[in-house]
Amino acid sequence: MEDTVIIALYWERNERAIEETREKYGGYCYGIALNLLHSPEDAEETVSDTWHAAWNAIPPEKPSSLRAWLGRVVRNLSLSRWNREHRKKRDPGITELLSELEDCLPSPVTVESALEEKELAAALDAWLWKLSREDRRLFLRRYWYGTPLQQLAKERGLSPARLAQKMLRLRRSLKTTLEKEGISL
Amino acid sequence: MNEDRVLVLYDAITAVREEYIEEAAAPCRKVRHWGAWAAAAACLFLLIGGWSFLQPLGFTIVNPFFRAGQGDGTGGSGGQDDTAYHYYAGPVLPLTAEEEGLTAEREVEYDFSLYDVSLKDDGRYAYLRSRQACLVTDSYMLTAGEPGTFTLYYPFAATLADDTALVPTVKVNGEVVKTELVAGPEGDTPFSWEDMKALMGDDYLNRSLEALPRLEERVTVYALSDFHGRESKTAKNPTVEFAYTQDPVKTAVTTWGFNGGSNDLQGGKGSRHVSIRERRGSTAYLLVLGEDLTDWSIRGYADGACETPSEGVGATVTKYESTLGEMLALFWKDYRGAFLENKLQVLLNKNALLGLSCGVLLDRSSNLLAAVRTLPFGLEDVFDQVLHRSRVLYLRFTADIPAGEAVDIRVSLVKYPSYDHTGRGRERRGFDLAGKLGSNIAFTRLEASVTGTEHIVVYRQDFGFETENGVLKTTRVALDPNREHWYMDVGAAPKKK
């Protein structure tokens with residue numbers, strides 16, 4: 001079923017909307033949640049929460065890309081669950097991703113500057129745009145979709161060590177960009 | 001872990017634009033590609049006569065592959081095939097030809113005389129010495145199975161924003177020849193030999209020679225000119241705002257010459273503004289692809305944030321129809337003036353630059369509206385990419401090879417070293433050599449030599465030179481012509497007391 005039709009079902013408050021969403025995007029959402037949480041039970045619960053969130057948010061929201069919108073919801077819900085239950089346990093998944101993303105943190109700036117969400121988003125957007133398509137996909141498949149490094153290495157035909165090196169270079173590049181933009185997190 | 005800070009970044013990544021999320025949904029590819037359009041790049045016709053690297057003071061040369069901050073921070077482990085540098089200069093690449101059936105004996109000389117610490121830093125060599133450049137001579141005795149006129153290509157790694165001094169000089173039988181410049185497809189920044197191989201991939205030269213796209217897509221142009229508005233105590237940064245409403249599906253908007261703005265892609269409302277004192281040119285352009293704007297207005301403000309209206313600030317709006325290709329050509333003309341005269345792009349055929357720009361857009365998406373929507377700021381981003389992305393350039397020239405005779409081809413070029421800017425290897429300078437990459441010439445003999453050896457120490461090398469405590473004891477070696485790569489890491493020799 002086309003996304004526009006599914007969204008129309010939400011707007012009509014027709015509960016078929018959830019069934020259709022589950023059928024079309026269930027696997028996709030589960031995959032993201034599982035990558036982030038590393039727990040099938042938690043992933044299933046997160047996906048279930050996602051359907052509720054979609055029902056509550058649409059309307060008034062009208063996503064132009066339902067897949068991307070659902071993915072964001074899954075990421076946010078996964079993070080919330082991780083915060084509640086797994087933070088202290090240092091489980092893999094989000095813990096690993098956050099640990100890697102620490103390499104992207106700019107050094108603290110000496111000039112006082114309040115973080116503007118827009119500035120960070122704009123800087124990140126511009127940095128992603130300047131990457132080659134394959135590097136951009138690599139970065140987002142790792143840090144948006146949570147794809148494990150081993151799987152990414154296989155996709156790219158690289159050894160895990162080479163891939164890790166490449167990912168480190170990308171993270172360092174982002175860090176430099178954020179520092180140049182004077183962004184303080 | 002700085003969890004709170006990282007989580008802010010996590011959230012920002014969550015919110016990246018949908019096109020990128022969709023793009024990354026499919027698994028990454030093993031084989032690199034150079035664009036959705038038929039295979040990259042420009043024919044850039046440049047006639048060069050003469051030895052160009054001995055330039056007077058004042059030129060600046062940009063590293064072809066340098067991206068500040070990129071690197072694994074683990075230090076200079078040298079040029080082994082599976083290691084990387086923070087900045088990889090690329091190898092000396094071999095000559096190739098359009099025609100098949102050529103054989104050659106090849107000699108490559110690395111001259112480290114610029115590492116002589118006693119040299120005065122005069123205008124001629126100061127910059128090259130500061131970059132610890134090496135002067136390379138890549139020589140060939142070329143023979144052909146059948147006599148004739150052959151089209152030859154000498155490759156070198158660069159970006160289009162690099163200085164013209166990086167362009168090699170070619171001599172055929174002792175005479176300097178005129179060459180034409182051909183730009184290859186852009187690719188991922190290489191950090192190692194392996195990355196370099198991936199950048200060139202298969203058939204790089206043929207892909208460099210393929211025709212470029214042109215964009216005949218109709219656009220509606222809103223040109224803002226005759227800006228007026230003075231700075232004063234009450235108007236510290238007079239700014240003109242062009243606000244508009246568009247159909248978010250059927251319309252895409254991009255700009256040239258604006259300073260900033262906002263665009264609500266979903267809601268369909270946007271604005272662009274020009275700070276009168278900071279504007280780049282006399283005219284700013286807003287281009288509309290697809291259906292025209294449903295509404296627009298222009299307003300003057302006293303400040304760059306567009307918060308305090310000002311009646312005395314404004315511009316004239318002229319609306320007309322054109323094509324995206326025509327507008328890009330106009331913008332290139334505007335853009336070129338912003339650069340110094342000694343940059344490669346200044347010498348390029350304008351149609352070639354235009355073709356590359358079209359290719360950048362089509363590489364983003366074959367749907368131009370979608371491609372334009374991915375531009376963060378405006379068409380200036382396209383031009384930045386054309387100029388600064390890594391690629392291999394070729395010098396094209398011809399040579400007559402008579403029956404039974406060999407032709408002497410001698411190429412002189414400046415090579416910057418590869419290096420790490422932090423870490424344990426940061427004192428080392430890497431120079432490497434490609435034996436066969438991208439060449440269709442059969443090499444029957446290959447030798448490497450080093451001069452100026454008293455000015456360097458050798459940390460690591462796999463050429464096969466004999467060394468003792470970093471000092472070269474032999475300065476010439478025969479290499480296996482079938483091997484693909486060699487490297488050496490050197491440093492400046494300590495000053496003798």
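## A salt bridge between a loop and a helix

In this predicted model, B:Glu484 and B:Lys197 join their side chains in a salt bridge, 2.9 Å from N to O (a salt bridge being a side-chain nitrogen of Lys or Arg within 4 Å of a carboxyl oxygen of Asp or Glu). B:Glu484 sits in the loop between E24 and strand E25 (485-492) of chain B, and B:Lys197 in helix H4 (residues 193-200) of chain B, so the bridge ties together parts that are 287 residues apart in sequence. Helices (H or I, at least four residues) and strands (E, at least two) are DSSP runs, numbered from the N terminus.

B:Glu484 is partly exposed at 32% relative accessible area, and B:Lys197 is partly exposed at 23%. Here buried means under 20% relative accessible area, exposed over 50%, and partly exposed in between (1.4 Å probe, protein chains only).

## Other salt bridges

Over all chains, the count comes to 33 salt bridges. In one of them, A:Arg81 meets A:Asp49, with the closest N and O atoms 3.2 Å apart. A:Arg81 belongs to helix H4 (residues 66-86) of chain A and A:Asp49 to helix H3 (residues 40-57) of chain A, so parts 32 residues apart in sequence are tied together. A:Arg81 is buried at 5% relative accessibility, while A:Asp49 is partly exposed at 32%.

Chain A also holds a salt-bridge network that links A:Glu96, A:Glu100, A:Asp103, A:Arg142 and A:Arg171.

## Two open sheets in chain B

Let's turn to the strands, which count as paired if DSSP finds at least two bridges between them. Seven strands of chain B form an open sheet in the order E7-E6-E18-E4-E3-E20-E24, with mixed pairing. Strand E7 (175-176) and strand E24 (476-479) of chain B each have a single partner strand, so one side of each is left without a neighbour in the sheet. Inside this order, strand E6 (residues 169-172) and strand E18 (residues 407-415) of chain B pair in the antiparallel sense over four bridges, and B:Val172 has B:Ile409 in E18(B) as its bridge partner.

A further open sheet has four strands of chain B in the order E12-E13-E10-E15, with antiparallel pairing. Its edges are strand E12 (260-263) and strand E15 (295-301) of chain B, each pairing on one side only. E12(B) pairs with strand E13 (residues 269-275) of chain B over four bridges, and B:Asn263 stands opposite B:Gly270 in E13(B).

## Reading the numbers

Residues are numbered from 1 along each chain as its sequence is written, chains are lettered from A and ligands numbered from 1 in the order in which they are written. Local features need pLDDT of at least 70, side-chain atom pairs count only at pLDDT 80 or more, totals for chains, interfaces and linings use all residues, and side-chain values use heavy atoms, with hydrogens and water left out.
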